[in-house]
Amino acid sequence: MIEWEVGDGHLRVVDADNAEVTVEGRGLAVAGPGPAISRPVDETVEATASRLRLPHAIVYAFSLGRDEQYELDPSGEPLSLPSGEYIVDIDTEIKIYLRFSGRAIIEQADDYEHIDLAFPDRRRVIFGFRSHHELPAGTITVPSTPEGTATAITHLTSSQKTSTPDRTYPTLRGHPPLVRQGPESEIPDRIEASTPDTGIELLVPDAYEPLFVTAPLAYYLQARVRTTERETPTLRLPDVAREVSLSSMPTLEREVEQLLRKTFFLDCLVRNAGPYRANLSELSMLEALELDMDTLYEATPQRRLATYLNVPYSAIEHRLPTWHLTTYVEPTPSNVELLPFLLDRLSLLGLPRTSELEGKELVERSLEDFYRGPGSDPNARAGTSQVASVDIVKPELKSSHAHGWLADGVPIDVFKSAPEAYYNRLNYLENGNDTTSICIVLNDPEMDGEQTDVADIYRQRSDDLAIDVTVEESLGTAELARVFETDHDFVHYIGHCETEGLRCSDGSLSIDCLDRCNAQTFFLNACGSFYEGLSLIEKGSVAGAVTFTKVLNDHAVKVGSTFAKLLIHGFSIERAMSLARRRIMMGKDYAVVGDGTHSLTQGEHRVPTTGTVEHLEDDQYLLSLECFSTQMTGLYYYPHVETNEHAYLCGTESSFTLETAELVSFLKESETPVIYDGDVYWSQDLWPLVES
């Protein structure tokens, strides 16, 4: 739902997620609701103006008469549009479209804070607005049965705004409605009417395991799901008389993964026949497979899928982007209510399987004097203060960038989530603030080096974002409890954690004692903080970083500082920790609890990029770039390397051989983490080392 209001020279727009944009205009006069435009929008507004000021964003312009596409140069060069009919696409917090006729000049402001669009004279403009739809639009009630689960999965597709290949764009996949379980099915009229009717059917055995595993495929294909007495699932395309039998468990997991990845990938290529085009490096695959992009884009969902089914997986496997996320979830009736959150991220779903962890995977350490333990107290070193022990297991993981765990056990290499985390995230989205509040708690003066580092990092970022940083030291239990009970977007705790809780000046604070936690995210950089972190999730947090056991003090400083910089530059909690812990040998001692896909802030780019640099020989370096999002899969990125002419789908690594001067130039112009010589550097810190 979009609401708008007119002020003195501006148009203010707000959606149901509390996202907001303001358009200012010279001579702006709003006539009222506008006519339809050829883009998926929630609301249109008709106005006149001679000049418009819009939020800073990526800007595309599409000529409706000449079938041409333009893009505003990120370097700041103005875009001059000749006379014609245009739709301008502005990707802000709320999607903005502008339709107008005539000439126009679009340019970045000198401070890069906004976009100016100027007409030669006063002009009629149709605004189109579309919410990114991060909040669920309603609730579905279904019986606590496999049949009820099938009904729920069918209607979760109501959040998708198109059945064309354009649904690969995350902005056209809103958050699915919530699911509640009750005595009978209740589907709100609005959700029923919004459920796509593609005619695709997925018949699934009357059991929870195959329903969970096939849910991501059914959701993306917008299939109507029904339970059946058959022993294996069947995919039916009635309009083209096509029926595909799938395997039983556990082979079904692999088949669903392959079919979803193949379909999503080919849709990402075929969508280039639509209004949004990019010179994708992967586009050559369509010609190699003899697939006609224009025909497939206009085809019905059934005919398009039937064509994709004819493509052998082996023919494209080597070009598929790495999938962004797999969540391992117990297929139980109680977890049915979590499906909307998992499908919102378009996560693959797998069954949780583990094995015992081999000793070599977590090295036994004996240098206890260097552990981040209880300071110089000899009694505490002798064992009077105990760190909570965690029994860690080894999960069987699929090939994904990130992995979530919604099951028993504490596995390595995944974020250990909890049902509360997803509902907590919705609460913070609904009550979003303009300022990011960060509180640093230093509860051991010997660790002030980390406090100084992270405080500087957060404050430096405040030049670009509205960030409020406070530092608290040597807090007692009541004072630390108030920190977690106060509204903070992030709490960075530096100190000790024992079996009794987080160490304070007057004892230990057990998180179980809190009535409610109002810290959205956190980092408990203390020995053995896993269980206290999990309690914070159960009490109200969305996600946080923790440790499994004792950690070396200098390791904690390295991880803490790196994590802080990544987090404040838009990396998700899980991605920030996975990179930060690369800096130390015992990286597996660190983990994430809660919804690891959650991000604290928006970075310079919607999807942060990571680089890897390898020195080849003499003056040659190999630069590899990796860009993916656990929140917004389906986007593409453009490596700003002088010799590059292509965009790449997120999840596809791009590589370039550069001379020293070229690499230095790239690093100077970037603001990104780079892995070099086994460590993680920030690009601005690395280029002087390379140049020397």
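**Local packing and backbone features of a predicted model**

At 0% relative accessibility, Leu 346 counts as buried (buried means under 20% relative accessible area, exposed over 50%, and partly exposed in between, with a 1.4 Å probe and protein chains only). The structure is a predicted model, in which local features need pLDDT of at least 70 and side-chain atom pairs count only at pLDDT 80 or more, while totals for chains, interfaces and linings use all residues. Residues are numbered from 1 along each chain as its sequence is written, and side-chain values use heavy atoms, with hydrogens and water left out.

Leu 346 lies in the loop between helix 9 (339–344) and strand 20 (348–350). Helices (H or I, at least four residues) and strands (E, at least two) are DSSP runs, numbered from the N terminus. The phi angle of Leu 346 is positive, about 50°, although Leu 346 is not a glycine. A positive phi, about 55°, is also found at Asp 677, again not a glycine. Asp 677 is placed in the loop between strand 40 and strand 41. With 70% relative accessibility, Asp 677 counts as exposed.

An open sheet of four strands has mixed pairing and the order 16-15-17-18. Two strands pair if DSSP finds at least two bridges between them. Strand 16 (224–228) and strand 18 (242–245) are the edge strands, each pairing on one side only. From one strand to the next, the twist averages 20°. Strand 17 (residues 234–237) is joined to strand 18 by four bridges in the antiparallel sense. Within this pairing, Thr 234 has Ser 245 of strand 18 as its bridge partner. Helix 7 (residues 301–309) packs on the sheet and touches strand 17 and strand 18 (contact means heavy atoms within 4.5 Å). The direction of helix 7 makes about 130° with that of strand 17; axes are lines fitted to C-alpha atoms, for helices over the stretch in contact, and angles run from 0 to 180 degrees between N-to-C directions.

Met 249 and Pro 250 are joined by a cis peptide bond, with omega about 0°.

A second open sheet is formed by three strands in the order 21-22-24, also with mixed pairing. Its edge strands, strand 21 (354–356) and strand 24 (410–411), each pair on one side only. Strand 22 (residues 392–395) runs parallel to strand 24, and two bridges join them. Opposite Val 393 stands Pro 411 in strand 24.

Two helix pairs were examined. Two packed helices are described by the angle between their axes and the distance between the axes. Helix 3 (residues 208–221) and helix 4 (residues 251–270) have axes 10 Å apart and pack at an angle of about 10°. This makes helix 3 roughly parallel to helix 4 (angles under 35 degrees count as roughly parallel, over 145 as roughly antiparallel, 65 to 115 as roughly perpendicular and the rest as oblique). Residues of helix 3 in the contact include Val 213, Leu 217 and Tyr 220, and those of helix 4 include Val 256, Leu 260 and Phe 264. By class, this contact has eleven nonpolar, two polar and two charged residues. Ala, Val, Leu, Ile, Met, Phe, Trp, Tyr, Cys and Pro count as nonpolar, Asp, Glu, Lys and Arg as charged, and the others, Gly among them, as polar.

The axes of helix 12 (residues 448–461) and helix 15 (residues 553–568) come within 9 Å and cross at roughly 10°. Helix 12 and helix 15 are therefore roughly parallel to each other. Among the contacting residues are Glu 450, Asp 453 and Arg 461 of helix 12, together with Ala 556, Gly 560 and Lys 565 of helix 15. The contact of helix 12 with helix 15 divides into seven nonpolar, two polar and four charged residues.

In helix 18 (residues 683–691), the buried residues are Ser 683, Leu 686 and Val 690. These residues cover an arc of only 60° around the axis, which puts them on the same side of helix 18; the arc is that of the directions from the helix axis to the C-beta atoms. The cover over the buried residues includes strand 36 (620–627), helix 17 (660–669), strand 40 (673–676) and strand 41 (679–682).

Tyr 422 lies in helix 11 (residues 419–430) and is buried, with a relative accessible area of 4%. Not counting residues up to four places away in sequence, Tyr 422 touches Leu 338, Phe 341, Leu 342, Leu 406, Phe 415, Ser 417 and Asp 595.
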